[in-house]
Amino acid sequence: MGSFNIKIDQASKIFHAEVEGTFSPEDGMKSIEAYQANVAKISVPEYTIDIDCTKLNVSAPDALPILEGCFQLYKKDGFKKVTLRIAKNPILKMQLSRIGRSVQLDNLEIWEV
């Protein structure tokens, strides 16, 4: 089961999100609803979004459209920078990089921690 947690640091202008586990399409939709409720509270172009994916599992094929939709939201909403922090996991890195390229999210950085 996938879970998420959102925290906004207004002083540093960072939108923190933490995701973990394996997301089903339902989990993905819940996370998008929470994201939209929180993003409405800030001036997005002033913010960096920092997503802790260190406890995230590789996504199943049926969840990939949701993940792609999330990346499209980050692009559309206009974050200054999108940072994903992952554990050393070549498959997850490849999956996230490919989705970032497919939606042309040019300000995406993936850090292995």
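**Figure 1. Helix α2 gives the most to the lining of the largest cavity, with six residues.** The model is predicted; local features need pLDDT of at least 70 and side-chain atom pairs pLDDT 80 or more, while totals for chains, interfaces and linings use all residues. Residues are numbered from 1 along each chain as its sequence is written, and side-chain values use heavy atoms, without hydrogens or water. Helices (H or I, at least four residues) and strands (E, at least two) are DSSP runs numbered from the N terminus. At least two lining residues come from each of β1 (3-9), β2 (14-21), α1 (25-39), β3 (48-56) and α2.

**Figure 2. The largest cavity holds about 370 Å³ of space.** A cavity is a set of points on a 1 Å grid over the protein atoms alone where a 1.4 Å probe fits but cannot get out; lining residues have an atom within 4 Å of a point. Of the 26 lining residues, V19, S31, L67, C70 and Y74 are closest to the centre. The lining has 22 nonpolar, four polar and no charged residues (nonpolar: Ala, Val, Leu, Ile, Met, Phe, Trp, Tyr, Cys and Pro; charged: Asp, Glu, Lys and Arg; polar: the others, Gly among them).

**Figure 3. Helices α2 (residues 64-77) and α3 (residues 90-102) have axes that come within 9 Å and cross at roughly 55°.** Axes are lines fitted to C-alpha atoms over the stretch in contact, with angles from 0 to 180 degrees between N-to-C directions. L64, L67, E68 and F71 of α2 make the contact with Q95, L96, I99, G100 and S102 of α3 (heavy atoms within 4.5 Å). These contact residues divide into five nonpolar, three polar and one charged.

Technical notes
1 Å grid on protein atoms, 1.4 Å probe; cavity = no way out; pocket = protein on both sides within 12 Å on 5 of 7 lines; lining within 4 Å. Points joined across faces, edges and corners; volume = space filled by probe spheres on them.
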